[in-house]
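Open the structure in your viewer and keep the selection tool handy. We will go from one stop to the next, and at each one you will see what to select and what to look for.

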Amino acid sequence: MDESTSPPQETWISQARLAELFGLPVPAMGTVLQNLGLKAPPGQPSALAHEQQLCCLSPLADGAPVYLWHQQKLLELLAAQGLSPLTRQQMRCREFAEGLIQADREFKSATSPLEEKAALLLRSVIYEQLGSTDIALVNRFLGDFGSELRLPPVEP
């Protein structure tokens, strides 16, 4: 992978972040890890994950246990299984789609003209950041998220 397609490098990441890198819902990533024998049915990392140093315990401030995953090792393991992370453009477009859905939700639930204007401004800011090659990808993610929203093509 080159710089434009490789995900940002962190050593230890959450399952949620790992799922985000692959464009999967968090439960789906849990299923992938479980199918690889890296998670036990109660949702904790398996003995195999611990033995291969693929995870580490990182408790929250209140002591609640949180497990993190070794990003590079998991990327390699998942690549060997035929899964590939999203490119930077795909990650951007996924975030744009999430932002557009949020803006639409805020617009629909607005109780004042000011709230409506804020939601429209958010949508406008997102739309202005899109390139013509992003539109189809954003629309794909909107569909993946179950949204009926679709963006029109960018005028030249």
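This is a predicted model: local features need pLDDT of at least 70, side-chain atom pairs count only at pLDDT 80 or more; totals for chains, interfaces and linings use all residues.

Now step back to helix 1 itself, residues 15-22. Is this helix enclosed or open? Six of its eight residues are buried, so the rest of the structure largely encloses helix 1. To see them, select Gln 15, Arg 17, Leu 18, Ala 19, Leu 21 and Phe 22. Then show what covers these buried residues: strand 1 (12-13), helix 2 (26-35), strand 3 (67-70), helix 4 (71-80) and helix 5 are among the elements that do.

Next, go to Gln 53, in the loop that links helix 3 (47-51) with strand 2 (55-57). Its phi is also worth a look: the value for Gln 53 is positive, near 55°, although this residue is not a glycine. Most residues other than glycine have a negative phi. Is Gln 53 buried or exposed? With a relative accessible area of 52%, Gln 53 is exposed, because the cut-off for that word is over 50%.

For the next stop, colour helix 5 (residues 88-108) and helix 7 (residues 135-144). Two packed helices are described by the angle between their axes and the distance between the axes. Here helix 5 and helix 7 pack at about 60°, with axes 8 Å apart. The two helices are therefore oblique to each other, and their crossing is right-handed. Which residues make the contact? On helix 5, select Gln 89, Gln 90, Cys 93, Arg 94, Phe 96, Ala 97, Leu 100 and Ile 101.

Now find Arg 123 in helix 6 (residues 113-129). Arg 123 is partly exposed, with a relative accessible area of 37%. Apart from neighbours within four places in sequence, Arg 123 is in contact with Leu 100 and Ala 103. Try the distance tool on Arg 123 and Ala 103: they are 20 residues apart in sequence, yet 5.8 Å apart in space from C-alpha to C-alpha.

Finally, colour the chain by pLDDT. The mean is 88, and 92% of the residues reach 70 or more. Over residues 1-8, however, the pLDDT is below 50. Beyond near neighbours in sequence, that stretch has 20 contacts in the model.

Definitions and conventions
Residues are numbered from 1 along each chain as its sequence is written. Side-chain values use heavy atoms; hydrogens and water are left out. pLDDT is the predictor's confidence in each residue, from 0 to 100. Contact means heavy atoms within 4.5 Å. Helices (H or I, at least four residues) and strands (E, at least two) are DSSP runs, numbered from the N terminus. Buried means under 20% relative accessible area, exposed over 50%, partly exposed in between (1.4 Å probe, protein chains only). Axes are lines fitted to C-alpha atoms, for helices over the stretch in contact, and angles run from 0 to 180 degrees between N-to-C directions. Angles under 35 degrees count as roughly parallel, over 145 as roughly antiparallel, 65 to 115 as roughly perpendicular and the rest as oblique. A crossing is left-handed if the near helix is turned anticlockwise from the far one by less than a right angle, and right-handed if clockwise.
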